[in-house]
Amino acid sequence: MRTLAIDIGGTKLAAALVDDTLNIFARREIPTPGSRTSEALEGALSNLVAPLKGHADCFAAASTGIIRHGVLTALNPANLGGLEKFPLFRVLNRLTGLPGITLNDAQAAAWAEYNALGSNIRDMVFITVSTGVGGGIVSNGELLTGPGGLAGHLGHMIADPCGPLCGCGRKGCVEAIASGRGIAAAAQYELEGLTAKSIFAHAATGNIQANTLIQRSAECIATLIADLRIITDCQKIVLGGSIGLAPGYINRVCDVLNKEPDIYNVSVSPASYRNNAGIIGAALLAEKMIKKASPYK
Ligand code: ADP
Ligand code: BMX
Ligand code: ZN
């Protein structure tokens, strides 16, 4: 089986063909349109899948947002240029003419990374630190999606009750502080208006404010990990997303986590599939689900 796997993030859209042995072919990436309208996202997806759809048996889409019955509902619409709802399954089915599955991006990435662990670990949590902060939980070998697709949205746990307002409507969410958007929103003076990526570049050249912003993000994620450890009793945390995978970021997180009492500590690794975790996880789930008529549709 060959799957057209698609990863829809707040910053970039990626697509590739994935075969049964998880080889990735013809990967392409385009920016996520920063528009409130469905038409802009549909147009971008159409361009993205056009050269790939004729070479696949099914599609598998891992997308930012709450995915329920194939519909994307943004928990934080600001991450998608204000777009609140999008009929993801229906659009991809029409654009590709293929059967498929849809699920949350971090849930998909969690499933890929869990399967890559290849050990006797049965409980793990994947965290993406990217445009937002997303998560996927595997408990006793099962991926938790929840009846409403909401399971694992750990970026919206509270880090600081007096912190900045999050796009989800709560105050002081982890995402509002630690994510790429959170880092960029807190930047002032010489860093105002820059992306998180450029703030990382400034930190590498010794900019003190950039270093402080990144450290604040890492501290927030370390506290989140300690909380997740005692909520889930997980044996492994895997970090992904362009910020989670940025040089030095995991070390910053681990330095803070190591100062917590032993019971809160847990092994933290970078995503072994790097930025392809969502694509691979979606393809793995498509193979499993399409063979027995998908509840993830
Ligand atoms: P998505 O959220 O679309 O899945 P990413 O995982 O690439 O995309 O996350 C996007 C965020 O990561 C943006 O805030 C961007 O500025 C930041 N970013 C991208 N590349 C890097 C990098 N090399 N180092 C640090 N931050 C990065
Ligand atoms: C937000 C939320 C999650 C998503 C996470 C990471 C929206 C649109 N998205 O918390 O569903 O998993 O961001 O998304 O509400 P990414 O774009 O950073 O990969
Ligand atoms: Zn929030």
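**Ground rules.** I number residues from 1 along each chain as written, letter chains from A and number ligands from 1 in written order. For this predicted model I need pLDDT of at least 70 for local features and 80 or more for side-chain atom pairs, while totals for chains, interfaces and linings use all residues, and side-chain values use heavy atoms, without hydrogens and water.

Helices here are DSSP runs (H or I, at least four residues), and strands are E runs of at least two.

**Ligand 1, polar contacts.** I counted N or O pairs within 3.5 Å. A polar side-chain atom of Thr 131 sits 2.4 Å from a ligand 1 oxygen. For a polar backbone atom of Thr 11, I read 2.8 Å to an oxygen of ligand 1. A backbone N or O atom of Lys 197 is 3.0 Å from a ligand 1 oxygen.

**Positive phi.** Most residues other than glycine have a negative phi. I noted Leu 22, with a positive phi of about 65°, in the loop between β2 (12-18) and β3 (24-31). Ala 26 has a phi near 50° and belongs to strand β3. Partly exposed means between buried (under 20% relative accessible area) and exposed (over 50%), with a 1.4 Å probe and protein chains only. Leu 22 is partly exposed at 23%, and Ala 26 is partly exposed at 44%.

Conventions
A polar contact is a pair of N or O atoms within 3.5 Å; within protein, one must be able to donate a hydrogen and the other to accept it, and residues adjacent in sequence count only if both atoms are side-chain atoms.
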